[in-house]
Amino acid sequence: MSCSRLQLTLAILKPDVTARPHIVKEIKSMILRKKFYFVESKKMKLAQSEIETFYKEHEGKFFHNRLVNFMNSGSIWAHILAREDCIKEWRKLMGPTKVLKTVFEEPNSIRGKFGLTDTRNCTHGSDSEETAKREIKLFFPEFDEEKWRANDEDYFINKK
Ligand code: GDP
Ligand code: MG
């Protein structure tokens, strides 16, 4: 198994999911069924300043305060996922941002099945390779992508 053709993304399970442990389990199974690898995982509680940095692009939008308060309301799971076409495939598995669209158009996506509102919509996924690099660095500053790519099989064997 070679890591060279695998793409990475940052995936987050938001506080509405971590508050429902059986859904955490279900989402992790959905991720594995779609052939993603969990490269790194951690459960953490973000500080307000980290949330504001992470969601800087949405500053000034009507939902920004709601979003920051929500992300501050509990812990999250942060994951680095790997797969071919990982960024697109993870966003596909998440489903659309808005809850009504998910329910009518992608009912079997994560957000379609478990999304509560437009704010409390279960998951985050990077939206481009550039974003993924930046977001992975933010959440996993110690992660060394080059080393991971160079050590492919060892890396996975040692993790399991
Ligand atoms: P994503 O990439 O699909 O997560 O969507 P965006 O990057 O556009 O927005 C980031 C997050 O802000 C979303 O996942 C939602 O939690 C929240 N959000 C985005 N658009 C809206 C909206 O129209 N209303 C509300 N209440 N929240 C929103
Ligand atoms: Mg986004």
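Start by selecting ligand 1 and the residues around it: H58, F63, R66, L67, T97, D118, T119, N121, H124 and D127. Here, a residue is near a molecule if its C-beta atom, placed from the backbone, lies within 6 Å of it. Before you go on, note that this is a predicted model, in which local features need pLDDT of at least 70, side-chain atom pairs count only at pLDDT 80 or more, and totals for chains, interfaces and linings use all residues. Residues are numbered from 1 along each chain as its sequence is written, while chains are lettered from A and ligands numbered from 1 in the order in which they are written.

Next, pick H124 from that shell. UniProt lists H124 under "active site" in an unreviewed entry; such annotations may be inferred rather than shown by experiment. You will find H124 in strand β4, residues 123-125 (strands are DSSP runs of E, at least two residues, and helices runs of H or I, at least four, numbered from the N terminus).

Is H124 buried or exposed? H124 is buried, because 21 other C-beta atoms lie within 10 Å (buried takes 20 or more, exposed 12 or fewer, and partly exposed lies in between, with C-beta atoms placed from the backbone).

Now zoom out to the whole protein chain. Colour by secondary structure to see 10 helices and 4 strands, which run β-α-α-β-α-α-β-α-α-α-β-α-α-α from the N terminus on.
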